[in-house]
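Hi there,

Here is the structure I promised to pass on.

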Amino acid sequence: MPDAKKVAILIGQSKFPDEEELLDLSFPHNDVTELKAMLDRTPGTPYDHVHTVLDGAHYEAFHLIEDVISGLTSDDFVLLYYSGHGLVDRNGRLHLAFENTRQSRIASTSLKVAGVLDVMDGGPARSRLLALDCCYAGAIGTEYNRSGIADQVQAEVQGSGTFIMTASTKVQVAKENPDYGHGIFTKHFIDGMAGAADLNGDGIVTAQELYEYVHARVTDESAQRPRKFNMDGEGVIVLRETGLEPHRDKVNAMHARLFELGQTRMLSPTQLKRALDVIDLEPARMSPRDRDYFALLEASLEGDFYPGSYSEKWDRITKD
């Protein structure tokens, strides 16, 4: 029996020729390019196949989705990601926009998310993640109201079902951030998949961990409220093995280094205590700011330690 595969389909739509209806976006190409680079790289377990679509027609993307999904097996996992414009029709149904999309002809010129879900649900892969960085993405919940599946379902997918993450609610826009060069949602989605969302420090990022990480980060810096939905899923779905050192081993090494710096007076007793307070927190209990402190400590304790630079960066996090 062949090994289970992890496959991704990443779609970025920046250009919309009819600008009277849809304005061009700045960063969907960056979103797709950097997400692909992260899924391809080591440390960690790279995805087996990463397919990309940049600025195409809706039917071209749909053909690719059908082709890829039909070629999977029941043990495989598929990630489908879209960055671009989201549109809602008169019935409240979500559609994804492409270069040929016209708001006056949504049904025939855009990709209806319900159709995408039908393909994903009807394909052989039992484990799926759909991630949407577009305006009004929370309108996807309309598809679940018919089945009595509620917004913000708490269960996670295992082996069967579709886990869905959206950048915003059904009435919110999804914003880009020039400082990131990404959509706000995608910036944290990529960081989380790379390892920052490993809330229990076991070297694995799960769907639930990624959602919790992204939700905390996005809501901390914007009015956007990411949403999650679930169809026929339970248990745990592993999105990526990070290849990073397990949290407990990492903290033990950081403890030793911090005490060494305290003994040589490169850290004051106050600085030492507040650093230990952060690294001794359970990962799942860390706030976004605690995670920023932890990342600063991790970076600062590697190689030579520069007290002035460390203190300045710590104070900057406190003021943000």
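**Helix packing and a salt bridge**

The axes of helix 8 (residues 247-263) and helix 9 come within 11 Å and cross at roughly 175°; axes here are lines fitted to C-alpha atoms, for helices over the stretch in contact, and angles run from 0 to 180 degrees between N-to-C directions. That makes helix 8 roughly antiparallel to helix 9 (angles under 35 degrees count as roughly parallel, over 145 as roughly antiparallel, 65 to 115 as roughly perpendicular and the rest as oblique). Helices (H or I, at least four residues) and strands (E, at least two) are DSSP runs, numbered from the N terminus.

Before going on, please note that this is a predicted model, in which local features need pLDDT of at least 70 and side-chain atom pairs count only at pLDDT 80 or more, while totals for chains, interfaces and linings use all residues. Residues are numbered from 1 along each chain as its sequence is written, and side-chain values use heavy atoms, with hydrogens and water left out.

Back to the pair: His 247, Val 251, Met 254, His 255, Leu 258 and Phe 259 of helix 8 meet Leu 272, Ala 275, Leu 276 and Ile 279 of helix 9 (contact means heavy atoms within 4.5 Å). These residues divide into 8 nonpolar, 2 polar and no charged (Ala, Val, Leu, Ile, Met, Phe, Trp, Tyr, Cys and Pro count as nonpolar, Asp, Glu, Lys and Arg as charged, and the others, Gly among them, as polar). Leaving aside residues up to four places away in sequence, His 255 touches Leu 276, Ile 279 and Asp 280.

Helix 9 (residues 269-279) also packs on helix 10 (residues 288-300), at an angle of about 115° and with the axes 9 Å apart. The two are therefore roughly perpendicular to each other. Ala 275, Val 278 and Ile 279 of helix 9 make this contact with Asp 290, Tyr 293, Phe 294 and Leu 297 of helix 10, a set of 6 nonpolar, no polar and 1 charged.

Elsewhere, there are 9 salt bridges (a side-chain nitrogen of Lys or Arg within 4 Å of a carboxyl oxygen of Asp or Glu). One of them joins Lys 5 and Asp 76 at 3.0 Å, N to O. Lys 5 lies in the segment before strand 1 and Asp 76 in the loop between helix 2 (58-70) and strand 3 (77-83), so the pair ties together parts 71 residues apart in sequence.

On confidence, the average pLDDT (the predictor's confidence in each residue, from 0 to 100) is 84, and 87% of the residues score at least 70. Residues 144-159 stay under 50.

Best wishes
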